[in-house]
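Biologist: Could you take me through this model and tell me what stands behind each label you use?

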Amino acid sequence: MTDMPTRMRALLFLNGTGLFVLAISIGWIWFFALLHAIVLWPLPFDIPVTIPDDGRAWRMAHMEGITQGLLLMALGLGGQFMRLSPKQFKWLFWSSLVTGWLFTVPTIFNAIFGTRGLAFGGGPFKAGLANDLIYVSGWPPVVAVHIMLGLTVLGLWRFLKAEKG
């Protein structure tokens, strides 16, 4: 068993920061969607825009970026408290990236296309190709999150067991 490599921890933190930056960008788009214009002080004029303005969808996209970004940052910082094999750390790393990015990016498309992506064919929500593609893109992170959490718990348990004895 080994510690999480420093480079891997830094890359997790970098990706978390990237998701945070994406979340801030989504927040600006949501802001402009609510106003139906790009309003930037101190510019003396507004630029009218037409952006889908489903507040629930933009809030979801914004919060997914923040939540998943914080998760990747926490894994990067907390990686020093895990003990896994090099292969297990690779699985943890890639499953974390798949979880973070693929739980966040599809929510942006949901906001743009007015879909939910919760069921193939739309279920009780808006149906269409965009919905179905978003739904299918949701399966890799659903699998990845379980791998990520299982390996995280295992790594922390091994660390604590070694520290005790």
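What follows is a chat about the labels and the values behind them.

Modeller: Before we start: this is a predicted model, where local features need pLDDT of at least 70 and side-chain atom pairs count only at pLDDT 80 or more, while totals for chains, interfaces and linings use all residues. Residues are numbered from 1 along each chain as its sequence is written, and side-chain values use heavy atoms, with hydrogens and water left out.

Biologist: Okay! What elements are there in the protein, and in what order do they run?

Modeller: There are five helices and two strands, running α-β-β-α-α-α-α from the N terminus on. Those names are DSSP runs, numbered from the N terminus: helices are H or I with at least four residues, strands are E with at least two. The C-alpha trace spans about 65 × 45 × 20 Å along its principal axes.

Biologist: What sits at the start of helix 2, and what follows helix 3?

Modeller: At the start of helix 2, a side-chain oxygen of D54 comes within 3.1 Å of the backbone nitrogen of R56. Helix 3 is followed by G114, which has a positive phi near 70 degrees.

Biologist: Why is G65 called buried?

Modeller: Buried means under 20% relative accessible area, exposed means over 50%, and partly exposed is in between (1.4 Å probe, protein chains only). G65 has 0%, so it counts as buried. This glycine is in helix 2 and touches L19, F20, A23 and T104, leaving aside residues up to four places away in sequence. Touching, or contact, means heavy atoms within 4.5 Å.

Biologist: And why does T152 count as buried?

Modeller: Its relative accessibility is 11%, so T152 is buried by that cut-off. T152 is found in helix 5 (residues 139-164) and touches L75, M82 and L92, again not counting residues up to four places away in sequence. The buried residues of helix 5, T152 and L151 among them, pack against helix 2, helix 3 and helix 4. Of the 165 residues of the protein, 37% count as buried.

Biologist: What makes I38 partly exposed?

Modeller: I38 has a relative accessible area of 26%, so it falls in the in-between class. I38 is in strand 1 (residues 37-38), and its contacts include F32, F45 and V49. I38 and P48 are ten residues apart in sequence and 6.3 Å apart in space, C-alpha to C-alpha.

Biologist: What makes H36 worth a look, with its phi of about 60 degrees?

Modeller: Most residues other than glycine have a negative phi, and most peptide bonds are trans. H36 has a positive phi although it is not a glycine. H36 lies in the loop between helix 1 (6-35) and strand 1, and at 42% relative accessible area it is partly exposed. There's also a cis peptide bond joining W41 and P42, with omega about 15 degrees. P42 is in the loop between strand 1 and strand 2 (47-48).

Biologist: What lines the largest pocket?

Modeller: It is lined by 20 residues, with F103, N110, R116, G117 and L118 nearest its centre. Helix 3 gives the largest share of the lining, five residues.

Biologist: What makes something a pocket rather than a cavity?

Modeller: On a 1 Å grid over the protein atoms alone, a cavity is a set of points where a 1.4 Å probe fits but cannot get out, while a pocket is an open set with protein on both sides within 12 Å along at least five of seven lines; lining residues have an atom within 4 Å of a point.

Conventions:
A polar contact is a pair of N or O atoms within 3.5 Å; within protein, one must be able to donate a hydrogen and the other to accept it, and residues adjacent in sequence count only if both atoms are side-chain atoms.
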